[in-house]
Number of protein chains: 2
Amino acid sequence: MTTQADKHPSSSHYDIVIVGAGPVGLMLSTCLARWGYKIKHIDNRAEPTPTGRADGIQPRSLDLLRNMGLKSAVMAHKPARVYEVAFWDPPADGKGIVRTGTWASCPSFIDARYPFTTLLHQGLIERVFIADLNKNGVQIQRPWTIKGFTSNEKENPDYPVTVDLEHVDGTSKETIKAKYLFGGEGARSFIRDQLKIGIKHKDPIAYVWGVMDGVVKTDFPDIKMKCTIHSEHGSIMVIPREDNMVRLYIQIASSTDPNFNPRTTATVEEVQASAKRILQPHSIEWERVEWYSVYPIGQGISDKYTLDHRVFLGGDACHTHSPKAGQGMNTAFLDALNLAWKIHAVEAGFADRKLLETYEPERKDVAETLLSFDNKYAKLFSQRPPAANEVAAATSQAANTAGQSEENQFIKTFKESCEFTSGYGVSYKPNAINWSPAHPAQSHLIRPASAALIPGRLFPNADVTRVVDANVVHLEQEIPLNGSFRIFLFAGNPAVTGQAVRDLATNLQKKSSFYATYARDDIDQVSHHERHNPHSHFFTIATVVAAPRASVEIARDLPPLLARYRDHVYADDRWDRRVPDAAAAAHAKMGIDQEKGGIVVVRPDGYVGVVVALEEGAETADALNAYFGAFCAKELGATQAQL
Amino acid sequence: MTTQADKHPSSSHYDIVIVGAGPVGLMLSTCLARWGYKIKHIDNRAEPTPTGRADGIQPRSLDLLRNMGLKSAVMAHKPARVYEVAFWDPPADGKGIVRTGTWASCPSFIDARYPFTTLLHQGLIERVFIADLNKNGVQIQRPWTIKGFTSNEKENPDYPVTVDLEHVDGTSKETIKAKYLFGGEGARSFIRDQLKIGIKHKDPIAYVWGVMDGVVKTDFPDIKMKCTIHSEHGSIMVIPREDNMVRLYIQIASSTDPNFNPRTTATVEEVQASAKRILQPHSIEWERVEWYSVYPIGQGISDKYTLDHRVFLGGDACHTHSPKAGQGMNTAFLDALNLAWKIHAVEAGFADRKLLETYEPERKDVAETLLSFDNKYAKLFSQRPPAANEVAAATSQAANTAGQSEENQFIKTFKESCEFTSGYGVSYKPNAINWSPAHPAQSHLIRPASAALIPGRLFPNADVTRVVDANVVHLEQEIPLNGSFRIFLFAGNPAVTGQAVRDLATNLQKKSSFYATYARDDIDQVSHHERHNPHSHFFTIATVVAAPRASVEIARDLPPLLARYRDHVYADDRWDRRVPDAAAAAHAKMGIDQEKGGIVVVRPDGYVGVVVALEEGAETADALNAYFGAFCAKELGATQAQL
């Protein structure tokens with residue numbers, strides 16, 4: 001892709017100014033830096049988060065980090081992994097606490113590659129992104145802050161945003177012209193305040209929480225598990241951490257308390273004393289306290305994420321909630337990812353500027369769902385459990401198995417929420433990029449939503465064998481996060497689909513197809529070794545054949561356009577425990593006929609866009625043209641006229 | 001473990017001098033540096049291998065690197081992975097070559113965690129070790145060479161070896177006093193020559209090979225697979241590499257040729273022209289040649305690996321063979337590993353010095369097996385294939401499935417050798433550490449060899465759930481390579497084995513047990529967080545209970561000695577496809593009764609030492625005392641007398 005960095009009129013002109021180098025700002029910056037944009041990224045802290053703060057990476061976020069090639073750098077720090085959550089409550093007949101049940105953090109009904117939550121200090125995660133940014137020539141400017149900004153597209157259509165930046169000690173100032181401004185400054189966002197965007201509180205109840213990271217010596221057996229503990233002395237949440245550390249969350253006050261004061265505080269010693277009481281009859285002693293903080297928190301959601309689609313907000317600037325579901329950083333990542341590829345699609349000339357209008361509705365809807373979940377969960381957490389019969393049921397083995405015993409409301413809510421908290425349940429509603437019957441693309445080949453492939457939901461996981469090197473690979477990870485749409489051609493049985501596949505290739509090559517319209521300018525000079533974008537910067541095609549690897553001959557079986565993606569041709573020949581009787585497990589998991597095949601268009605961020613049947617003739621390509629035509633910048637699909 | 005580095009009489013006294021920083025020297029150095037030894041490590045090259053040389057890491061070696069915590073650093077270089085080997089031969093009816101079959105590089109009958117060969121430039125692998133050495137304070141001294149040495153235990157029992165070292169340009173010299181000297185200098189070992197140790201040639205035939213690493217543009221479809229290609233124009237072997245590179249091995253001459261000259265050579269252009277002819281009808285062009293070398297090679301094996309158990313040889317200094325089986329680096333790693341833990345066991349006061357006498361027979365026997373395999377394989381490789389009926393059988397699909405078609409001798413040899421080449425088939429014969437009926441330890445509780453657990457063979461893989469944090473883990477990897485023996489207590493059904501487990505713990509605590517005899521001096525000051533060696537530097541105990549994780553309460557179910565290893569208590573509750581009907585898959589895979597349990601002692605290098613039944617009373621511990629007593633430095637097991 002042409003680097004955008006050298007295309008600006010002056011050294012003070014940027015593509016984007018990003019304020020805040022927490023998870024949301026860093027994810028946005030990292031994506032855009034990789035895709036060649038010129039970025040001014042500031043943070044008012046002198047260095048990355050030294051201790052404490054967010055630390056939970058949910059299963060889907062780990063998939064995302066892997067797709068960016070950053071997972072191994074995160075895992076190199078040996079984070080704790082939470083596979084199960086344990087619930088502790090007072091026994092029916094006495095004092096202290098007993099374990100009343102455990103539940104998988106990411107149960108097997110969710111098809112996750114990494115069915116655990118990864119716990120690692122936020123500062124270490126930030127540094128992984130910062131190292132990647134540095135490789136791409138972006139340095140975070142610290143400690144700098146934003147003093148003001150204006151945005152006026154009419155006056156300056158190319159660089160509508162003007163931003164005033166200042167060193168925190170006031171010794172130095174800069175004025176930047178930019179195409180975009182992003183506020184990832186956290187809950188007390190200056191940019192949001194300046195825009196006079198209000199915050200809605202879903203639940204008027206506010207809480208004061210204490211949080212403590214440290215190394216403990218204890219005989220509490222679940223100290224390396226995530227635990228929610230209710231006792232007659234109060235409630236606490238235990239989260240294991242790297243380096244033998246453990247995090248304790250303790251609720252210090254609630255606005256439902258008489259005489260609630262949001263400035264209520266508690267010392268380290270008070271919280272430790274409280275934890276000791278709650279954990280009785282188990283002992284706990286601190287060898288070291290790494291971090292301690294007390295903070296009031298309410299549920300809030302920003303009324304708007306942008307006013308003009310030039311100045312955007314994301315992360316904690318848009319939504320605040322209790323820390324217990326471990327969603328803060330993950331939601332931040334997905335806010336940024338959603339915005340990043342859309343800015344890129346618009347600025348690289350692929351998508352109409354209207355695409356940016358999908359950012360707020362997609363992400364605000366997720367935040368609403370999160371808050372509604374958090375609300376339910378937080379209330380239950382602060383309530384006193386449980387009835388004697390619940391405990392009796394829970395202490396029996398059966399309590400660990402769904403449906404075999406009566407469960408209390410807390411456990412039930414928790415289970416229901418697993419899919420959402422893992423990240424796999426996050427989904428986007430119909431719009432121009434998530435096909436629905438109301439979409440402008442109307443073709444009888446566009447399939448209605450199936451259980452496995454619903455536009456707006458994540459593309460499912462599947463194991464396949466790469467044909468060129470016989471490597472067993474994770475199909476969903478094969479195309480890296482590079483801003484391209486991912487076109488998965490499930491080619492079914494080659495003996496059945498041969499003509500349909502050839503017709504597809506022929507029609508993709510027609511001048512006004514979505515594919516040919518967005519061909520690379522340098523298509524004749526592309527290296528033989530380019531794997532992902534040999535023809536277009538905006539698409540990668542992967543072909544999955546329902547046949548054993550050894551029977552697939554790429555040059556013989558696929559037309560040259562598809563054969564060119566030789567590193568993205570796969571045999572659907574791996575057995576899968578979830579579909580044990582399927583001859584072609586990946587086809588089966590997707591709900592795609594293993595004879596006839598089908599096409600799945602996946603957005604650059606991994607969500608299904610549209611599913612189209614694979615048929616002979618031009619209609620399959622036409623359906624794809626119609627889908628992309630709904631948001632592409634150039635006109636597509638008047639194929640006959642232009643040939 | 002007490003660091004040995006500060007225990008020497010002078011700065012020129014070392015525990016060991018290691019000559020050569022290739023795979024064998026680096027593995028030895030890395031182990032011993034981690035365990036606290038003072039090392040002088042020299043290499044006559046000014047820097048690590050810049051290009052070319054060995055590049056294949058076999059599946060079992062990858063397990064070993066993981067056990068050392070070095071796998072992710074290797075994988076960060078994105079090596080090529082070979083899952084399948086393709087065989088190409090001339091068609092029966094014409095010119096050129098056709099694929100006559102493919103075979104898994106590490107077929108599923110081998111229970112490998114990583115069923116592929118990892119291909120990465122030797123220099124990158126060397127640097128992973130060097131980085132680890134540097135962390136432990138060892139720098140390779142370059143470019144330095146050895147000029148002479150003497151070894152006399154009678155004159156100087158503590159530092160019997162004197163070594164003269166010199167900078168390669170002669171500007172600087174050093175004389176070192178050491179406990180050991182190791183020659184890892186490769187095929188032309190100075191140390192071996194000085195010791196006048198001869199080389200035996202298993203096969204008198206010698207070959208001249210050309211090897212070329214480069215980036216090519218080709219339409220040969222298997223360029224990313226390992227291929228053995230025979231054609232009317234000669235034979236070639238293809239090995240994929242990282243960074244789009246490919247390695248070609250081509251046999252230039254054989255001593256069976258008329259007028260064979262071991263100094264026969266060939267230019268890059270000649271080898272390329274030859275490759276072009278062999279690959280017809282496919283095209284191949286070089287974009288870049290990274291490395292090219294021509295070398296004569298014969299099969300050789302050193303008569304001795306040591307004369308006095310003070311000066312040792314390993315790696316290519318002991319065995320040379322053709323590069324085709326990809327065994328050089330792997331055999332080198334295992335030579336070094338075998339020697340490393342034995343030197344440590346002796347020097348740390350655990351084992352009798354006689355333990356060192358097991359190095360040569362264990363490793364020489366493996367080298368003999370390797371050469372015998374290489375011999376068979378190399379001969380076949382240079383022969384002209386195949387008969388028409390073989391091709392017909394092979395070109396049909398059935399050729400890919402074992403036993404369904406007649407196979408030519410080459411494919412058959414290859415298949416038979418898979419277990420050996422993967423590293424999982426490497427095994428050691430009976431001796432003091434690998435129990436057999438001839439072993440001094442005679443107890444009716446010591447089991448005869450079972451199919452799964454044979455002393456001298458690798459401890460099998462198994463998935464289990466760690467109790468403290470519910471993490472699903474690879475049991476065989478849970479105890480790192482730290483020089484300790486690994487005692488796996490398969491505890492079976494706790495309701496059945498409760499008393500036997502308590503009796504075991506009681507008897508391990510008896511003064512003269514192997515366990516108590518080698519207790520740490522600082523046992524009262526050991527940190528609460530020490531996971532592997534809370535009681536002894538020489539043993540780690542892991543307990544595997546045949547029960548679901550949630551039912552296991554460590555403090556309730558295990559005596560304190562075993563409960564102290566709380567991070568090494570596992571539930572055998574994971575389903576395994578290899579034993580789909582087993583309730584306790586790990587027990588089943590080991591061939592251990594899931595009710596009664598049993599004990600497996602694994603050597604520090606991962607090989608089974610002895611298997612003992614778990615019974616009530618003192619006999620189980622006595623059997624272990626008898627086993628360890630066969631090679632421990634202190635007297636063990638006269639329990640009654642010393643109590």
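Student: In which helix of chain A does A:Asp622 lie?

Tutor: In this predicted model, A:Asp622 belongs to helix H16 of chain A, which spans residues 619-629.

Salt bridges are the next topic. Side chains of opposite charge can pair when their charged atoms come close. With a limit of 4 Å between nitrogen and carboxyl oxygen, the count over all chains is 79 salt bridges. One of them joins A:Lys95 to A:Glu232, with 3.8 Å between the closest N and O atoms. This pair links distant parts of the chain, 137 residues apart: A:Lys95 is in the loop between strands S5 (84-89) and S6 (98-104), and A:Glu232 is in the loop between strands S14 (226-231) and S15 (234-240). A:Lys95 is exposed, at a relative accessible area of 71%, whereas A:Glu232 is partly exposed, at 38%.

A further salt bridge connects the side chains of A:Arg113 and A:Asp463, at 2.7 Å from N to O. A:Arg113 sits in the loop between S6 and strand S7 (117-119) and A:Asp463 in strand S21 (residues 463-466), so the pair ties together parts that are 350 residues apart in sequence. A:Asp463 counts as partly exposed, with 24% relative accessibility.

Strand S21 of chain A also holds A:Arg466, whose partner A:Glu478 lies in the loop between strands S22 (472-474) and S23 (485-492); the pair therefore ties together parts 12 residues apart in sequence. The closest N and O atoms of A:Glu478 and A:Arg466 are 2.9 Å apart. A:Glu478 counts as buried at 14% relative accessibility, and A:Arg466 is buried with a relative accessible area of 10%. Elsewhere, A:Asp15, A:Lys179, A:Glu347 and A:Arg353 are joined into one network by salt bridges that share partners.

Finally, the arrangement of the chains may be described. Chain B is superposed on chain A by a rotation of 180° with 0.0 Å of shift along the axis, at an RMSD of 0.0 Å. The two copies are thus related as by a two-fold rotation axis. Among the residues of chain B, B:Ser72 comes closest to that axis, its C-alpha being at 3.8 Å.

Notes:
Residues are numbered from 1 along each chain as its sequence is written. Chains are lettered from A and ligands numbered from 1 in the order in which they are written. This is a predicted model: local features need pLDDT of at least 70, side-chain atom pairs count only at pLDDT 80 or more; totals for chains, interfaces and linings use all residues. Side-chain values use heavy atoms; hydrogens and water are left out. Helices (H or I, at least four residues) and strands (E, at least two) are DSSP runs, numbered from the N terminus. Copies are superposed by least squares on the C-alpha atoms of residues with pLDDT of at least 70 in both. Buried means under 20% relative accessible area, exposed over 50%, partly exposed in between (1.4 Å probe, protein chains only).
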